[in-house]
Amino acid sequence: MERKWWHNKVAYQIYPKSFYDSNGDGIGDLPGITLKLDYLKELGVDIVWISPIYSSPFADQGYDISNYYQIDPCFGTMDDMDHLLKEAKKRDMYILMDLVVNHCSDEHEWFEKACEDPDGEYGNFFYIEDRKEGELPCNWRSYFGGPVWEPLPGHPDKQYMHVFHKKQPDLNWENPKVREEVYKNINWWLDKGLGGFRIDAIINIKKKLPYKDYTVDRDDNLSCIDQMLADAKGVGEFLGEMRDKTFNPHNAFTVGEVFNEKDEELPDFIGDNGYFSSMFDFAGTSFGKSDKGWYANTRITPDDYKKCCFHSQKRIGSIGFLSNIIENHDEPRGVSYYIPEGECSDQSKKMLATLYFMLRGLPFIYQGQEIGMENLGVIPFEKVDDVSALDQYHVAIEAGYSEEEALKIISLYNRDNARTPVQWNAGTNAGFTTGTPWLMVNPNYTQINVESQLHDDHSILSYYKKLIALRKDPAYQETIVYGDVIPYLEDTHNLMAYYRKGDKTLLVIGNYQTQEQTIALPAPYKSVLLNNYNDVVLNGNEVTLHGYQALILEL
């Protein structure tokens, strides 16, 4: 595997609306990010991915872009962006933006022109078809519920495709002019000094043409969009062209949001000349998900999580680098999801951090994860902001659940869980804003916040700093970054342990339960590199692990 500049880095995702508000309007902004760069640098972060900050009507929290060349006023100005890039460069940090090019906003100039003349040049920028009442070109279901087809504004005889929100018309990548416009924009940002992109929903750019129906899987007579994606062929032609015309000439870092790649396609996606530098490992987040809806999902167990991680590491091998996560803006808080209900504690949060962070690949931290931020729990329906959670509430009701049960079902997966403001201190609005926050603050901010953990050597924040420092330690960096991952005691219940083998041999152990557990060590250890407790209980070659104890040993 060819070695790249980003291999030994640590990345951090910012959801800008909820990160830090510098002007008191209740919405996080670019100056707020700049003000916190030193905090991120001290944490050990090198790469910062910022979720969409482009001009947008915010039908889907900025993932509906009305102008790819402008910063939305709620986040600041282009001067603010230039200043952020300059300040990041001073600190040897790289800024990534979200690349959202499967669709744009229905308020984008291209779509407005398509509505003016559906048969003209811009009509071909989208998927626009003739419309007959009661008939659809195909029975695909949008990610947010309902058919992917919507009547074209001003043209009741026409309809357009949106695989996400109806205000997010899909761009027609089969049209070379669309691709040319996309590449022009990418290069404009990279020339400005951007370090690269996180690539949003990119597999969706290739549709199965001509349209066809798939097996109906709900009472709405529609089919899950995943069936179409599995059937669509040829996305690599688009992705390879994009790489060659934009990313490669700039030596940019890119990480793809890819869900349905096949094993044989992995070298094409993230090999030495892959479409992307890396892609997220979604094995854990995808586990147990049901096409029927959230109500039918299976909750992941510690043993399931272990199997997901080891399977991903095995299938990727030495092909390339995964980007490892336990949460992001589209998922619940990792500690509330991967730790069994009622067992969240400082120790269990540190253990989970250890297990995912020490895997081979690029570790991503999502804002607030480093202090152990948790889910909101069950909240009143009127306080739910997430459009997918609102849809899934109704799906659960239609499946026969009570209102109380439906609220509990969506509480685990609600994207608002990860989008509540970062908890900076125990003051008003968790120190996020002097105004009224755009989204409710998690009520536990008085117990969980940055300020209370900054100078506490035993805090979760301090533990993340130690994990990052270990990854960057010259004595261990080669092994942690490039060493193999080899499972140890793989079949032991509620235990996740693995070697990192390179020029040194490390053993990472996590007791994934509240009860103590005694295991045999494969060899004597030289030193304890990290421990979320103050002691190691050793008896000969056996170690007795406290509940949720995590150890990193050098053998």
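1. A disulfide is taken here as a pair of cysteine sulfur atoms within 2.5 Å. In C308 the sulfur lies 6.8 Å from the closest cysteine sulfur, which belongs to C309, so the two are too far apart for a bond. The model is a predicted one, and the number of disulfides in the structure is 0.

2. C104 is likewise in no disulfide: the nearest cysteine sulfur is that of C115, 10 Å away.

3. Which strand do 4 bridges join to β10? The partner is β12: residues 196–199 form β10, residues 253–256 form β12, and the two run parallel. Within this pair, R198 has V255 of β12 as its bridge partner. In general, strands of a sheet pair through backbone hydrogen bonds.

4. Helix α14 covers residues 403–413. Its buried residues are A406, L407, I409, I410, S411, L412 and Y413. What do the buried residues of α14 pack against? They pack against three helical segments: α11 (334–338), α13 (387–398) and α15 (416–419).

Conventions:
Residues numbered from 1 in each chain as written. Predicted model: local features only at pLDDT ≥ 70, side-chain atom pairs only at ≥ 80, totals over all residues. Heavy atoms only, no water. Pairing = 2+ DSSP bridges. Buried < 20%, exposed > 50% of the residue type's maximum accessible area, 1.4 Å probe, protein only. Contact = heavy atoms within 4.5 Å.
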